[in-house]
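Here is a short tour for you, with helices and domains as the stops. Keep the viewer open as you read.

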Amino acid sequence: MAEIIDTRTEPERAIERACAVLAEGEPVAIPTETVYGLAADATNPDAISRIYEMKGRPRFNPLISHVSDMAMAEAHVTFDPLSRRLAEAFWPGPLTLILPQRPTSSVHALASAGLDTLGIRMPDGFSRRVIARFGRPLAAPSANTSGKISPTSAAHVNADLGPRLKLILDAGSAEIGLESTIIKVEDGALRLLRPGGLDVLAIENLTGLSVSRPESAGATIEAPGMLASHYAPGAAVRLDAGDVRPGEALIRFGNAALPGEEHAAIVLDLSPAGSLREAAANLFDYMKKADASGAATIAFGPIPPEGLGEAILDRLQRAAAPRD
Ligand code: TXA
Ligand code: MG
């Protein structure tokens, strides 16, 4: 079973142990502000292989390289002016940029799945201190079995990957609760590859440019991780429910009661006060709770599509997609 170290009570020991395990080429589960990541030395092909193995992740799906500061980022990618502005405004934070990898970069091709670009992000929170001490980028996908719901707590990670992991750093619940927003700049235009924890509107307000969306969920081959059936709970998922069928689990928003919910297996409200930020932070935990109720189907009440609602609905559409 994994050793779990609480970063709030033992920060120094957490950093030291994490760096020691990473140096052995073993993945470590680390807390970022978005979700918990399964991190390994991005320059070590064996360590990266261990990530793919542990998650059961297809190897054509590239990983994000996490850095602790701009100097580390500059050593591995080149910034166009627009990407640099985004990095300066939103890093550390829930934004991943797709940028050309420098020929001199030591990030291994296994991390980028052989692409000539790197997904790169400077995370906020405790993980950044680990990267700074380790001194090299950490490749990290979300710390869950491939295709399952991303973990927003150390307990989520432990329940899923605990038996296979050496070390989990526990910093409590992830503040944002949704994976990073992924942006690629092309010919001075902004393309959204994945909606996430950074509201697209904040990017549009900063730059005065509009961000173009992928054609439809799952259509973006360019971010190959955007497979249609992702974020799947065990139960089936029914979206935009107008009522609740007996025995279903219900997840709703904004205290909006649905007809029939008295016969639900469980009723959870993502944010009774109607805050999308709070809803994002609760989403994956509530999906796991609804799943654990034993209901065969999770019904979701309506969720507003604007702001962070876009990323929430993206995850729900993937959760509802047909599975293989
Ligand atoms: O918030 C997050 O982004 C979390 C935390 C741990 O940082 N990480 C995360 O990683 O969500 P993951 O592996 O679940 O998602 C990474 C996404 C995938 O959809 C992948 O295809 C895309 O990033 N990606 C990575 N490198 C890319 C590249 N060079 N070009 C296009 N897409 C890339
Ligand atoms: Mg993931």
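Predicted model: local features only at pLDDT ≥ 70, side-chain atom pairs only at ≥ 80, totals over all residues.

## Helix α1

Which residues of α1 are buried? They are A14, I15, A18, C19, V21 and L22. Their arc around the axis is only 165°, which means that they sit on the same side of α1. The partners that these buried residues pack against are the strands β1 (3–6), β2 (28–31), β3 (36–41), β7 (138–139) and β8 (167–170), together with helix α5 (126–134). Just after α1 comes G25, with a positive phi of about 90°.

## T207 in helix α7

Now move along to helix α7, which runs over residues 200–207 and includes T207. Is T207 buried or exposed? Its relative accessibility is 13%, and the cut-off for buried is under 20%, so T207 counts as buried.

Setting aside neighbours within four places in sequence, you will find T207 in contact with L82, R85, L86 and L190. A polar atom of the T207 side chain also lies 3.1 Å from the backbone nitrogen of L209.

## Two domains

Zooming out, the protein is divided into domain 1, residues 3–212, and domain 2, residues 236–320. How far apart are the C-alpha centres of the two domains? The distance between them is 27 Å. Where the domains touch, 19 residues of domain 1 are in contact with 15 residues of domain 2.

## Helix α8

Helix α8 takes in residues 276–292, 17 residues in total. From its first C-alpha to its last it reaches 24 Å, close to the 24 Å expected at 1.5 Å a residue. Along the way, α8 bends by about 45° at L283, and L283 is also one of the buried residues of this helix.

At the start, a side-chain oxygen of S275 reaches to within 3.3 Å of the backbone nitrogen of R277. After the helix comes G294, where phi is positive, near 90°.

Key. Residues numbered from 1 in each chain as written. Chains lettered and ligands numbered in written order. Heavy atoms only, no water. Helix = DSSP H or I, 4+ residues; strand = E, 2+ residues; numbered from the N terminus. Expected span 1.5 Å × (residues − 1). Bend = angle between axes of the 7 residues up to and from the residue. Buried < 20%, exposed > 50% of the residue type's maximum accessible area, 1.4 Å probe, protein only. Polar contact = N/O pair within 3.5 Å; in protein donor to acceptor, adjacent residues only side chain to side chain. Arc of directions from axis to C-beta. Contact = heavy atoms within 4.5 Å. Domains from an automatic or database assignment.
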